[in-house]
Amino acid sequence: MISPEQILLTGGSGRLGTELRALLPGIVAPPRAELDVTRPDTIEAALERYRPALVVHAAAYTNVAEAEVDRRSCWQVNVEGTRNLVRALVSRGIKLVHISTDYVFDGTRGGYREDDPVGPVRNFYALSKLVAEEVVRVLDRHLIVRTSFRPREWPYPVAFADVYTSQDYVDVVAPKIALLLQRCDEVQYHTLHVATERKSVYELARRRKPDVVAGSKRDAKVQLPDDISLDISRWTELETRWQS
């Protein structure tokens, strides 16, 4: 197993990063002032200082609606930042776990497997994450984790009843990813879907906000998929084995 002290995490102050720091005490998660993926010099300095056995790339621009307006910032973080990290790792032989998204699929049918064709994407955020995946595949030692999560509490008065997903709340998903990080040297795949069962976004929202109102994606400010649910059979097999 990989100990938390051997793991270097980008995006440690983000939603997932915050959960991982609590679940994996000792994980190395420098603040952005020290490790900024848009600044290659900080990546080099962090790798030299901490000498990790594993790098987990969770830093990302994740505001889907704002990405349509501020495309430059989204691209700078999600694509150029990932490219900077890959360039620093390519000669070091350090494994990279890259946190990606279900949005790399078009979302017309759901139940997507890891080896299903990706795209065509529905929005600019999805495009940036899809391009970042292809950048990561330059590395011999990599694992792309496609996942999706919400904050611990549902933050909106409305939830879409016509969008289907495998996402869950971050405190449900993060323990799965924490387990995966410690055992990732045992994973033979290069891509893995880590999520939960298929449900509508409205059904998910009601679990923690019973008074949420059902809405439609027609009212969204950005184009959204119909069914972006993931096939998680690979992950289920691994999780069952490790927890038995």
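**Overall build and nonpolar cores**

The model is predicted: local features need pLDDT of at least 70, side-chain atom pairs count only at pLDDT 80 or more, and totals for chains, interfaces and linings use all residues. Residues are numbered from 1 along each chain as its sequence is written, and side-chain values use heavy atoms, without hydrogens and water.

The secondary structure comes to eight helices and 11 strands. These are DSSP runs numbered from the N terminus: helices are H or I with at least four residues, strands E with at least two. Of the 244 residues, 54% count as buried, meaning under 20% relative accessible area with a 1.4 Å probe, protein chains only; exposed is over 50%, partly exposed in between.

Now the interior. A nonpolar core is a set of buried Ala, Val, Leu, Ile, Met, Phe, Trp, Tyr and Cys residues joined through side-chain atoms within 4.5 Å. The largest has 28 residues, and Val97, Leu180 and Leu181 touch the most other members. Elements giving two or more residues to this core include strand 3 (95–101) and helix 6 (170–183). Helix 6 gives the most, seven residues. Beyond its neighbours within four places in sequence, Leu181 is in contact (heavy atoms within 4.5 Å) with Ile2, Ile7, Leu20, Leu24, Leu54, Val56 and Val97. A second, separate core of 19 residues includes Cys74, Phe105, Ala195 and Ile232.

Thr18 sits in helix 1. Its relative accessibility is 35%, so Thr18 counts as partly exposed.
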